[in-house]
Amino acid sequence: MNSKRVPSRALALALAALTATGLSLTVDAAAYASPQKATTKASTGKKAATPVGTSTTFTPTVADPTTATAEELIAGAEAAGLPAPTTAPGTGFVKQTDGSDTARTFLAQAAADDSTAGGEITRDEILARAQSWIDQQVPYSQTAYHTDSNGTYRQDCSGFVSMAWHLSVGSNNNWGATTWTLPNYATRLGSLDDLLPGDMIDKEDQHVVLFKGWTDSSHTTAVIMEEARPGTNARQTTLSRSYLTDNGFHPYRYDKVIERRVNTTPSLNGDANADMAVLSTDGDLAIRNNIGAGDGFGTSQTVSQGWANFLGNPGQGRLYFADVNGDGLKDLVVHSTDGDVAIRLNLGAGDGFGTSKVVSQGWANFLGGAGKGRLYFADANGDGNADMLV
């Protein structure tokens, strides 16, 4: 937020119209900055240590890097001799007009817990990144960027959300998206009631905050994380629902947020260490148990054979590993080219998998080839059993 912000084009037109009729309008750009509750610190438990960062001053390419429009950013970058910034990236997702994102929630598969810049990110990581700036007490600034293990981001409200979402930024967009361009990375939700932790609440011509939760079941008071204004540090505070609605704030969800990551390298013996499953071109399926302590994997033990047509190539079946019965062991899920999905339960003790049991049929068009669907397996409801995600 910047109290010296020249009003947006829409607001300027409204002011002009009022002036022409002899009326006047008073706009208090800093009104939002009066929280109802004192700032508090809270840890998400995601990161064990607070990153140590440094702040560096810079000269923005635009007069107001916090709330500049896409057109202003592009013109500013051109005047500075920099490449045009990306202000409306393609996400690879189809936005839902109702603001829902059920169809894209679990589509990410990653071996690591941390996101990459511009990539998919979990809600827990968004909150942990935001909390790290609060823990470091990063001061608000439109003309400084903060560098730490989260990356390099501008120290104002929109830079804060850009950092929390782990957006790709650079000097050509002044190290962060703006209140006007952040919605290009997101889907607008139908109601404040649809907000989930890690979503944003944006007053596009003035200020943006990160949503953390509600203080009550009636959703009357929101817990938010923000860079507020000059003279303050990154903080957690609260804003009333009435304030948000009365002052034109809108709820948004980042298009690349995911609920959790699907671990594609399973623990096959139940010891919580990721083991290596080897499917050879001759169709042998072998297991190499994790030795632990980062010392790699043990000797190969063939546990099943006959899978030469399940290497995932076009026209071939697919194998998945997921705990489908909640016993802590990753079972073998077989997706055949005829569309059958069968389960072979993990026998434990490294003894491989049991007999096949077909549990679903009709998935021949979901083998991941060109123009085809894909099946995923993950615990979608928190009951400890892997569900099938279509």
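Select phenylalanine 160 first: leaving aside residues up to four places away in sequence, it touches Ala130, Trp133, Arg154, Leu210, Met225, Glu226, Glu227 and Ala234, where a contact means heavy atoms within 4.5 Å. Everything on this tour belongs to a predicted model, in which local features need pLDDT of at least 70 and side-chain atom pairs count only at pLDDT 80 or more, while totals for chains, interfaces and linings use all residues. Residues are numbered from 1 along each chain as its sequence is written, and side-chain values use heavy atoms, with hydrogens and water left out.

**Colour by confidence**

Colour the chain by pLDDT, the predictor's confidence in each residue, from 0 to 100. The protein chain averages a pLDDT of 79, and 77% of the residues score at least 70. Select residues 2-48, over which pLDDT stays under 50 and for which the model has 61 contacts beyond four places in sequence. Where pLDDT is low, the predicted coordinates should not be read in detail.

**Helix 4**

Now select residues 157-165, which form helix 4; helices (H or I, at least four residues) and strands (E, at least two) are DSSP runs, numbered from the N terminus. How many of its nine residues are buried? Nine of the nine are, with buried meaning under 20% relative accessible area, exposed over 50% and partly exposed in between (1.4 Å probe, protein chains only). Among these buried residues are Cys157, Gly159, Ser162 and Trp165.

Histidine 166 lies in the loop between helix 4 and strand 5 (186-188), and it counts as buried because its relative accessibility is 11%.

**The nonpolar cores**

Show the side chains of Phe160, Val161, Trp165, Leu182, Met200 and Leu210, which touch the most other members among the 27 residues of the largest nonpolar core. Such a core is a set of buried Ala, Val, Leu, Ile, Met, Phe, Trp, Tyr and Cys residues joined through side-chain atoms within 4.5 Å. The elements that give two or more residues to this core are helix 3 (123-136), helix 4, strand 7 (207-214) and strand 10 (250-254), and helix 4 gives the most, with six residues. A second, separate core of 13 residues includes Val209, Ile224, Leu244 and Phe249.

Turn next to an open sheet of six strands, whose order is 5-10-6-7-8-9 with antiparallel pairing; two strands pair if DSSP finds at least two bridges between them. At its edges are strand 5 and strand 9 (235-240), each of which pairs on one side only. Neighbouring strands of this sheet are turned by 40 degrees against each other on average, direction ignored.

Zoom in on strand 5 and strand 10, which run antiparallel and are joined by three bridges; here the bridge partner of threonine 187 is arginine 253 in strand 10.

With the sheet still shown, bring back helix 4, which lies across strand 5, strand 6 (200-203), strand 7, strand 8 and strand 10 and runs at about 50 degrees to strand 7. These axes are lines fitted to C-alpha atoms, for helices over the stretch in contact, and angles run from 0 to 180 degrees between N-to-C directions. Helix 3 lies across strand 7, strand 8, strand 9 and strand 10, at about 115 degrees to strand 7.

Between strand 7 and strand 8 (221-226), select histidine 219 in the loop; its phi is near 60 degrees, a positive value in a residue other than glycine.

Last, select the open sheet of three strands, with the order 1-3-4 and antiparallel pairing. Strand 1 (54-57) and strand 4 (151-154) stand at the edges, each with a single partner strand, so one side of each is left without a neighbour in the sheet. The twist averages 25 degrees from one strand to the next.

Strand 3 (residues 144-148) pairs with strand 4 in the antiparallel sense over four bridges, and the bridge partner of histidine 146 is tyrosine 153 in strand 4. Which helix lies across strand 3 and strand 4? Helix 3 does, running at about 110 degrees to strand 3.
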